[in-house]
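Visitor: I have a structure open here and want a quick tour. Can you walk me through it?

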Amino acid sequence: MAVNGKLPKNLLVARFSALGDVAMTIPVVYSACRCNPDTRFVFITKPAQQGLFVNPPENLVVLGIDVKEKYRTLPDFFRLFGELRKQYDIDGFADLHGVIRTFMLGAACTLHGIKWRTIRKGRMNKRALTRPRNKVMLPLLSSRARYREVFYGFGYVLEERFRSIYGEGKGDPSMFASVTAPKAPGEKWIGIAPFAKHKGKIYPVNLMEKVVEELSAQPDTKIFLFGGGDEERKILAEWASRYPSTVSLADKKHGFPVELALLSHLDTVVSMDSANMHLASLVNVRVVSVWGATHPYCGFKGFKQREQDIVQLPMTCRPCSVFGNRPCSRGDYHCLAGIPPQIIVNKVNSIVNKSKQ
């Protein structure tokens with residue numbers, strides 16, 4: 001049932017935060033737009049993440065908002081809301097983030113008599129799942145399900161109408177022509193994204209190098225390495241120079257449209273519980289995901305990713321963290337260091353060999 005019997009016609013939607021969290025909104029937001037063509041959805045996020053929204057529905061407006069410098073205080077957010085309301089006639093607010101800055105936008109809505117709904121994060125259940133003892137090992141609602149609940153709160157129809165940002169197809173190869181030549185018939189393209197924000201989510205570099213070494217030695221195989229910071233670029237550059245048919249995309253910033261187009265042509269991606277898992281999911285590519293301190297039960301598994309492609313160890317201390325930012329209680333990060341590289345290689349080969357049959 002719609003709020004007050006009337007659906008908002010110009011709905012403000014907000015999600016800032018980490019790249020992976022914003023990527024997870026896209027299947028839900030695109031579906032909401034397609035199911036409700038008479039509503040204009042105005043999505044605000046960090047400027048750097050605006051480029052994620054490739055091929056958006058016609059009734060979706062995506063704006064990059066500088067919440068570090070331009071909009072920081074309560075008066076700033078009241079001013080932001082006033083600007084958005086004036087330009088887009090905002091009559092509802094869907095808070096997909098649930099933090100102080102979005103609550104300030106909610107306060108502005110309340111002052112103007114505008115309905116708003118916010119995400120339920122399930123913090124108590126997550127604490128029960130990650131506590132050291134007496135864990136409640138049950139899968140929690142996914143982040144996407146929590147996003148959908150916010151739209152349901154207004155009364156919107158919401159069915160799944162998303163497969164990939166490219167629909168049933170793939171990205172234009174000309175987009176990544178500066179990175180690599182087009183894919184040759186029979187060639188296998190594998191992406192490897194070995195890094196994450198926190199140590200509790202990073203497979204040891206020396207072990208991941210063994211994965212790269214073995215996969216790059218296979219015939220008709222090209223490896224694409226994804227990463228970011230200075231240290232990551234250095235490591236990936238060394239791997240690219242050391243192993244055949246291995247290309248690092250970390251040498252410069254190509255931008256989301258380029259990287260997403262390339263990702264769509266890969267046969268599979270090896271990723272941590274990180275943003276790259278979600279980026280590959282947006283282009284309908286299977287991900288061999290490696291999990292350590294975190295766990296898919298926390299609700300962050302990639303969109304449409306398969307249980308059989310998850311790599312993780314059955315340890316009683318797992319998960320110890322929702323985000324992988326807590327120090328290891330054992331001190332050895334065995335949840336990651338104890339995974340043999342061959343398990344990852346075998347998972348990859350089971351996907352790429354099947355796709356070539």
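**A buried glutamate and its surroundings**

Guide: Start with Glu259. Leaving aside neighbours within four places in sequence, Glu259 is in contact with Phe226, Leu249 and His254. Keep in mind that this is a predicted model.

Visitor: Where does Glu259 sit?

Guide: Glu259 is in helix H8, which covers residues 256–263.

Visitor: And which side chain of opposite charge is nearest to Glu259?

Guide: That is Arg233, 9.6 Å away. Glu259 is buried and has no salt bridge. The cut-off for a salt bridge is 4 Å between a side-chain nitrogen of Lys or Arg and a carboxyl oxygen of Asp or Glu, so Arg233 does not qualify as a partner.

Visitor: What does Arg233 pair with, then?

Guide: Arg233 forms a salt bridge with Asp230. Their closest N and O atoms are 2.2 Å apart. Both residues are in helix H7, and because they are 3 residues apart there, about one helical turn separates them.

Visitor: How exposed are Asp230 and Arg233?

Guide: Asp230 counts as exposed, at 60% relative accessibility. Arg233 counts as partly exposed, at 28%.

Visitor: What is Phe226 in contact with?

Guide: Neighbours within four places in sequence are left aside here. The contacts of Phe226 include Gly191, Ile192, Ala193, Pro194 and Phe195. Leu236, Leu249 and Glu259 are also among them.

Visitor: How far is Phe226 from Leu279?

Guide: The two are 53 residues apart in sequence. In space they are 11 Å apart, C-alpha to C-alpha.

Visitor: Let's switch to salt bridges overall. How many are there?

Guide: The count comes to 12 salt bridges. One of them joins the side chains of Lys183 and Asp267, at 3.0 Å from N to O. This pair links distant parts of the chain, 84 residues apart. Lys183 is in the loop between helix H5 (143–152) and strand S6 (188–193). Asp267 is in the loop between H8 and strand S9 (268–272).

Visitor: What about Arg242 and Glu209?

Guide: Their side chains meet in a salt bridge, 2.4 Å from N to O. Arg242 is in helix H7 (residues 230–242), and Glu209 is in helix H6 (residues 205–216). The pair links distant parts of the chain, 33 residues apart. Arg242 is partly exposed, with a relative accessible area of 46%. Glu209 counts as buried, at 17% relative accessibility.

Visitor: How do H6 and H7 cross?

Guide: Their axes come within 11 Å and cross at roughly 30°. H6 and H7 are therefore roughly parallel to each other. The crossing is right-handed.

Visitor: Which residues meet there, between H6 and H7?

Guide: From H6, Val205, Met208, Glu209 and Val212. From H7, Ile235, Trp239 and Arg242.

Visitor: New topic. At what angle do H2 and H3 pack?

Guide: Helix H2 (residues 74–88) and helix H3 (residues 100–111) pack at about 60°, with their axes 9 Å apart. That angle makes H2 oblique to H3. H2 passes H3 in a right-handed crossing.

Visitor: And which residues of H2 and H3 meet?

Guide: H2 brings Leu74, Phe77, Phe78, Leu80 and Phe81. H3 brings Arg101, Met104, Leu105, Ala107, Ala108, Cys109 and Leu111.

Visitor: How far is Met104 from Gly228?

Guide: Their C-alpha atoms are separated by 32 Å, and the residues are 124 apart along the chain.

Key. Residues are numbered from 1 along each chain as its sequence is written. This is a predicted model: local features need pLDDT of at least 70, side-chain atom pairs count only at pLDDT 80 or more; totals for chains, interfaces and linings use all residues. Side-chain values use heavy atoms; hydrogens and water are left out. Helices (H or I, at least four residues) and strands (E, at least two) are DSSP runs, numbered from the N terminus. Buried means under 20% relative accessible area, exposed over 50%, partly exposed in between (1.4 Å probe, protein chains only). Lys and Arg count as positive and Asp and Glu as negative; His and the chain ends are not counted. Contact means heavy atoms within 4.5 Å. Axes are lines fitted to C-alpha atoms, for helices over the stretch in contact, and angles run from 0 to 180 degrees between N-to-C directions. Angles under 35 degrees count as roughly parallel, over 145 as roughly antiparallel, 65 to 115 as roughly perpendicular and the rest as oblique. A crossing is left-handed if the near helix is turned anticlockwise from the far one by less than a right angle, and right-handed if clockwise.
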